[in-house]
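Hi,

Here is the structure I promised to pass on.

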Amino acid sequence: MMELEGEKPKYGEPRKYDPTFKGPIYNRGCTDIVCCILFIICILGYVAVGILAWSQGDPRKVIYPTDSRGQFCGQAGTPLETKPLLFYFNIMKCASPMVLLEFQCPTTQMCVEKCPDKFLTLLKAYTNKEDFKYYKNFCKEGLEGLTVTQILSSGLCPAMLTPSKPFTRRCFPALDQKKGGEITVGNNSKFDDGEGNIRDAKDLVAGVKNATVVIEARQVVMKIFEDYTQSWYWILIGLVIAMLISLLFIVLLRFLAGIMVWVMIVMVILVIGYGIFHCSMEYVSLKSEAGSNVTLKDLGFQTDFSVYLHIRQTWLAFIIILAIVEVVIILLLIFLRNRILIAIALIKEASRAIGYVMSALFYPLFTFALLSIVIAYWAVTAVFLSTSNQPIYKVFNETACDHSRKICEPANFSTSSMKAECPDSKCLFAFYGGETVYHKYLIGLQFYNVFLFFWCANFVTALGQMTLAGAFASYYWAFVKPDDMPAFPIFSSLGRSLRYHTGSLAFGSLILSIIQIIRVLLEYIDHKLQGTQNKCTKFLLCCLKCCFWCLEKFIKFINRNAYIMVAIYGKNFCTSAKDAFFLLMRNMIRVAVLDKVTDFLLFLGKLLIVGLVGIFAFFFFSGRVKAFENTAPNLHYYWVPILTVVVGSYLIAHGFFSVYAMCVDTLFLCFLEDLERNDGSAERPFLMSDRLLKVLNKKNKPEPAE
């Protein structure tokens, strides 16, 4: 086979022969010390921010709803422990535009044991002892001896009760919608508002902020939760099957790489072909079904996703997408068949490397554990920071008042001048805030928390890449394998990375984190300016987001190869990034063809595992196979466990294949260096395997006879 030759651009000087070079340099020094010190200082600052947030924050503000006095409903160890739900005296006042500004409904709110379950007005309940006893559960204390007028004027009770249901620990009217579109509450379309007026149930909709959507969303969430409770163990079985298939696939690649790659390609084509056939059958079978010709645009958004499966256009879209994927894969195989042979040889070499470094397959578990710690610390700190404000009370009123929305103190509000000037006003809890130095810089601390989260997460990922790169590079450059390799390549490489190159890891991850935080800020600006942007601003923001997305991908590519060079030569990040970039540019054709073809083949492996597990999950959970009808759980939405299994299977397969991908990238760079350092002579023999030598039409010359 002809070598992948092209006119090499003059990017830097090619590597020269070095008889002393035998793989990763062991006699190395610390790199990027300044960035290492900066990273340690920032980590200490991050710990300080966490301690400060934990001392000031109160997660109860997120867990429990807050009444008008700032008390937490349902908090254990308090008088309100048995009252976990928040009740609104007049939910219709929540339709006020001020709610959007103050994030608080201008009506009295109190904690109750359960939501009201019937229509009742104070005037009617006052005349019946049993009804009034029930009504008192939704009133403040101090009703004895007061008339209805006095109770209402003092704001001790709501004027009416409507049947309600709890949602997010708050009592919302039990709204429903009949087939004709009529809104009802408690099966009634009208109700008495307690002030002598008969109101339509639809008047409550604005108060609960599009309650019909909330009802549908609540029902969907509850059904999904029920589906998970019914199918969680089957989901776990599916994920275990995905793990076993991935592990089996890796083991088979170790011994039968060439056969497995071609089998994988054929199976992917067959699986996609079967998908096209199945979708075509569904499309044809819906031809005679009434309503199946409705377009997706006319159907709109439906909370019951199974509705879409009864529309012919849905299956037509599936057919087109799968057909395009099938054609693209077949064309790539036709035009890149020679390159695939070289990629298979590289995969075989990676399989041999993993065979000598089997512990590498389990290294992603260590990375996953570290990432879990980083994510947990960020999430907990974010919650404590967001709940470290103090309760702020403001004046709420229904009539004109000069003190409206001013800060007040509920303890002495009844005797204050504000109450005297505005008799109908109330001092209610508004939101959490503060005027101290800590509260003024709270947004900065949140920003710091997000930035350090990106930096630490990227650092953990970089540590995994450098560790694996060092282990696999020690395999490639070992003249006699495994005698010239370290006893424990992974642990040896991990120790070198942490001892000497923490600064380089921090440097590379810092650059990536800065770009990621800029992308977050652009998304934040776009969200804040939503609806107020002109076309020029939208275009500019879209271009910026696209540019920084591309820049992030490029930096990830540069960082990955830079870490490989750091792991081999022990130089600083910038020098390693430059060397890696110039090495790749001097071999641009090989990079564009060979390395990417290898990535494509590994992607097909992940696709095959996900496809096999996904098809099995589909037939099992959908009940399409009679053998599984009595075994499969009864579900509201069978796509819930199917989607969970598919996503989980991809993550599991990606975890296993990420080791392969890192191995291939490391061996690829070593392979390029080998071609530049050596020429195949007895003095400078190639260190690549005989398979690669044969595929590249290279060979080592035998030593001359004495």
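Below is what I found, starting with the ground rules.

This is a predicted model, so local features need pLDDT of at least 70 and side-chain atom pairs count only at pLDDT 80 or more, while totals for chains, interfaces and linings use all residues. Residues are numbered from 1 along each chain as its sequence is written, and side-chain values use heavy atoms, with hydrogens and water left out. Helices are DSSP runs of H or I with at least four residues, numbered from the N terminus.

**Helix 1 and helix 11**

Two packed helices are described by the angle between their axes and the distance between the axes. For helix 1 (residues 33-56) and helix 11 (residues 363-386), the axes come within 8 Å and cross at roughly 45 degrees. Axes here are lines fitted to C-alpha atoms over the stretch in contact, with angles from 0 to 180 degrees between N-to-C directions. The two helices are therefore oblique to each other; that label covers whatever is left once angles under 35 degrees (roughly parallel), over 145 (roughly antiparallel) and 65 to 115 (roughly perpendicular) are taken out. The crossing is left-handed, meaning the near helix is turned anticlockwise from the far one by less than a right angle (clockwise would be right-handed).

On the helix 1 side, the contact (heavy atoms within 4.5 Å) uses Tyr46, Val47, Val49, Gly50, Ala53 and Trp54. Helix 11 brings Tyr377, Trp378, Val380, Thr381, Phe384 and Leu385. By class, that is 10 nonpolar, 2 polar and no charged residues. Ala, Val, Leu, Ile, Met, Phe, Trp, Tyr, Cys and Pro count as nonpolar, Asp, Glu, Lys and Arg as charged, and the others, Gly among them, as polar.

**Helix 17 and helix 20**

The axes of helix 17 (residues 535-569) and helix 20 (residues 639-677) come within 11 Å and cross at roughly 65 degrees. This crossing is right-handed. Among the residues in contact are Arg560 and Ile564 of helix 17, and Asp665 and Glu673 of helix 20. The class count is 8 nonpolar, 3 polar and 4 charged.

Which residue lies in the segment before helix 1? That is Asp32, and its phi is near 50 degrees, a positive value in a residue other than glycine. Most residues other than glycine have a negative phi. At 17% relative accessibility, Asp32 counts as buried.

Cheers

Methods
Buried < 20%, exposed > 50% of the residue type's maximum accessible area, 1.4 Å probe, protein only.
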